[in-house]
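Me: I am new to this structure. Please show it, and I will ask about it piece by piece.

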Amino acid sequence: MNRPSPLLTISGVAKAYGSVVALAAVDMTVRRHEIHALLGANGAGKSTLVRILAGVHPADRGTLEVEGKTANFRTPVEAMRGGMATVFQDPALIRDLTIAQNLRLSRTDPATFEQWLEEFDLGSLDRDRMVRDLPLDILRLVDLARALALNPKILLLDEITAALTADQAEKLFELLDRLKTEGCSVVLITHRLAEVMRICDTATILRDGCNVAELEVGGITQQELVHAMLGSPVDLAPDTQAGTTAPTTAGAETVFAVEELASGEAVRQVSFAVRRGEVLGLVALEGQGQERVFDILCGERRPSAGRILVDGSPCRFLSPADAVRQGVVLIPGDRLQALLPSLPVYQNLVVTLITRIRQWLGLPADERARAANAIDSLSIDTRAAARVRRLSGGNQQKVAIGRWLVSGFRTLLCFDPTRGIDIQTKGEIYALLRKLAADGAAVLLYTSELAEIPLVCDRVLVMHNGLIVDEQAAAQATEASLLTAAHGLV
Amino acid sequence: MVDSAAATTVRARLAAKARANPSVALGGVCLLLVLVTGFIEPEYLSLNGARSSLLQAAPLGILAGAQTILMLTGGIDLSVTMIATGSAYVAASQSSHGAAVAILMGVAVGLVVGAANGIGVAVFRVNPLIMTLAMSGIMLGTFTAWTQTILRGSTQVAPFIKELAAGSFLGNRLPYSVVLWAVISLILIWLLRRTGWGRLLYAVGDNETAVRLAGVRTWQVRIAAYIAAGILGSIAGILLAGRTGAVDLQLANAFLLPSVAAAVIGGTSIFGGVGGYTGTILGALILSVLTSMLTFLNVGQDIQQLVYGTIVLALAWGYAGLANRE
Ligand SMILES: Nc1ncnc2c1ncn2[C@@H]1O[C@H](COP(=O)(O)OP(=O)(O)OP(=O)(O)O)[C@@H](O)[C@H]1O
Ligand SMILES: [Mg+2]
């Protein structure tokens with residue numbers, strides 16, 4: 001029981017945005033040599049606490065202490081000097097500048113930054129690429145390398161694993177373990193409890209802006225962790241299991257199919273078909289061409305070869321509008337691509353209803369009802385609904401899903417749709433995907449969280465190096481079997 | 001100590017009120033300017049004073065409407081005053097065919113040039129500043145050449161247009177052009193708030209990718225916006241021509257920066273996605289009251305410009321301060 005001394009002590013921290021109380025009163029202690037999980041449902045206040053620790057927003061009340069000295073940071077620079085380095089929930093790079101320019105702006109030491117990039121096998125990343133052209137996982141790792149280059153005492157990671165693939169996350173964990181022994185403590189925010197069990201030492205749980213528990217991760221099971229988070233001893237299993245009682249779709253007609261799709265080096269040959277009522281999973285390690293496949297399927301990019309078939313007839317998608325007209329819609333992996341940040345939740349949801357010129361001079365009569373339905377079925381927290389930018393990350397993700405519930409679709413392409421969504425709502429979203437399928441949709445689900453596959457999918461495809469290398473029945477797929485295939489070992 | 005604390009809370013409360021109701025805050029500024037002007041020149045606080053300010057504000061408000069629509073999409077139209085001038089020119093040269101033909105031909109200029117701007121920006125992805133600045137240059141050149149050739153002849157406008165721009169109802173009390181502006185305002189506000197196209201203007205300005213992925217052909221939205229702006233430019237130009245009675249190539253020049261300023265003062269962001277026409281109306285009124293005030297002040301042109309610029313800057317800055325502090 002000889003615990004190391006506290007490195008960071010947070011006491012009585014409170015923060016309200018106008019009438020929305022994000023943090024009521026939070027106490028938390030981060031010790032030396034520890035990886036400390038900060039857990040809680042969407043909107044619990046985790047990112048708000050991170051912003052306070054990083055000096056972005058001042059707390060309304062309460063104190064911070066680093067190594068026993070009061071440290072109420074007023075600016076991000078003060079926080080950095082105080083030993084904090086932060087990876088925020090959304091990429092903090094300026095989109096219209098190159099990586100090199102961003103580094104210069106933030107005065108990052110290039111040599112150290114390089115070193116950290118190498119750790120993630122990104123040494124060859126072109127520093128003159130525009131940030132907006134880079135995939136989200138790379139941006140997250142660039143953010144991380146930039147934070148590490150500050151040589152921090154405390155590293156704050158806000159849902160960094162949400163956009164990483166399994167292999168990238170594994171590499172990150174090895175690195176965090178090493179940092180820990182070298183004396184840097186880590187605060188890790190995640191909705192994936194398996195990760196908490198895997199690398200965290202301690203967990204603080206927030207609920208409605210208060211810390212409700214601090215747990216030693218070593219001594220408890222994942223189930224106990226869930227109970228501590230949700231407050232009541234709810235069993236999540238039945239909820240998520242509801243999905244697995246899928247009707248057999250073997251006889252149903254094919255709604256959406258691709259034949260021998262190819263695109264440059266990234267996608268060499270991909271063929272598959274999704275039937276009515278089916279949820280087809282797709283699994284791949286980082287950069288195996290999955291992003292490119294989704295870009296092509298949603299009409300953002302044209303394939304160099306191959307065909308897309310909707311209801312058996314070939315279609316050419318010259319733009320996303322063509323795909324949407326065929327009922328093929330996308331929930332993008334980067335939710336910022338699906339959000340109108342300065343507009344209200346309501347207008348974000350109904351934008352999918354006015355896609356044609358003949359709808360320009362009016363507004364759909366039932367749009368309010370439809371939006372309310374979507375808000376309901378995804379339990380979107382609308383306390384800060386006047387601007388989507390102000391919603392918590394998970395609630396933004398729900399808006400990105402909800403806009404398609406409003407308009408309806410026939411084929412749903414989801415690229416990691418549960419990124420940043422809390423465990424309880426995840427269960428609800430799995431159930432929702434199953435229900436959408438049961439109502440006649442075809443769903444293609446790429447996920448980086450392999451545990452999702454048996455919960456939601458009927459079949460699963462594994463992609464490696466631009467090819468579909470394996471197909472498994474989802475019910476029998478295990479993390480091990482999927483990873484083996486994903487490494488191309490079949 | 002207590003006093004200053006009370007003062008801060010009062011200020012905070014005022015700021016919160018202003019944030020919640022930006023139009024009320026702008027209305028207050030406008031009223032203040034009217035009173036100051038009245039203080040300088042008591043004559044101004046009469047029906048005539050109000051009438052002349054509104055007459056001033058009508059073409060400016062319509063041009064600023066064009067900027068508002070485009071700024072919401074993250075665009076801008078630096079050719080809008082050239083469109084106004086060109087339309088006025090064409091309308092004047094067609095006067096002999098009657099007012100209806102003259103007006104239609106004038107508006108056609110705005111439609112065509114607006115469409116060209118829209119295609120440049122939305123399809124060929126030219127930066128809106130560059131596209132419309134170039135368009136303005138092209139138009140100036142073209143019209144300079146045409147005034148020597150095909151548009152030679154009348155630079156006098158048809159009587160009907162003069163009446164529309166300068167005449168009034170009710171025994172010289174309510175100018176027709178102000179009524180026209182009111183009608184256009186209602187249409188614009190309806191378009192922006194109650195139609196799908198209006199929604200899309202905001203949405204495209206806020207995040208074009210999200211709108212494209214929602215299945216909207218965003219280029220259509222943008223082209224329509226530039227066409228609408230062109231038509232508004234034409235209408236403003238024809239009104240200006242009617243007021244002066246004759247046209248020349250400098251007709252609307254002086255309105256370019258005020259048209260942008262009115263929209264900015266009214267709270268429309270040049271980065272797109274935020275704003276509305278109600279604010280712009282107040283912005284146009286504020287600017288025209290300000291112009292009257294400066295004329296009454298009886299100071300040199302240089303001082304007038306200086307005061308004008310300072311006040312516009314202060315208003316825009318105050319607004320940005322309000323918007324950022326949320
Ligand atoms: N700028 C803001 N203005 C108004 N409300 C805000 C603002 N930022 C956050 N909030 C509100 O504060 C609450 C807490 O948000 P926060 O982002 O801290 O949640 P979170 O725990 O990080 O959730 P998630 O897991 O979804 O990321 C939410 O209700 C959110 O809407
Ligand atoms: Mg968050």
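Reply: A polar side-chain atom of Ser392(A) lies 2.7 Å from an oxygen atom of ligand 1. That is a polar contact, meaning a pair of N or O atoms within 3.5 Å. This is a predicted model: local features need pLDDT of at least 70, side-chain atom pairs count only at pLDDT 80 or more, and totals for chains, interfaces and linings use all residues. Residues are numbered from 1 along each chain as its sequence is written, chains are lettered from A and ligands numbered from 1 in the order in which they are written, and side-chain values use heavy atoms, without hydrogens and water.

Me: How much of the accessible area of ligand 1 does the protein cover?
Reply: Accessible areas come from the Shrake-Rupley method with a 1.4 Å probe. On its own, ligand 1 has 640 Å² of accessible area. The protein covers 92%.

Me: What area is buried between domain 1 and domain 2 of chain A?
Reply: An automatic or database domain assignment gives domain 1 (6–230) and domain 2 (246–486). Here 26 residues of domain 1 are in contact (heavy atoms within 4.5 Å) with 28 residues of domain 2. Buried area is the accessible area (1.4 Å probe) that two parts lose on being put together, summed over both. Between these domains it is about 2,000 Å².

Me: Which residues of chain B lose the most area to chain A?
Reply: In this pairing, 28 residues of chain B are in contact with 36 residues of chain A. The two chains bury about 2,500 Å² between them, 58% of it on carbon and sulfur atoms. Three residues together give 28% of what the chain B side buries: Arg199(B), Leu213(B) and Arg217(B).

Conventions:
A polar contact is a pair of N or O atoms within 3.5 Å; within protein, one must be able to donate a hydrogen and the other to accept it, and residues adjacent in sequence count only if both atoms are side-chain atoms.
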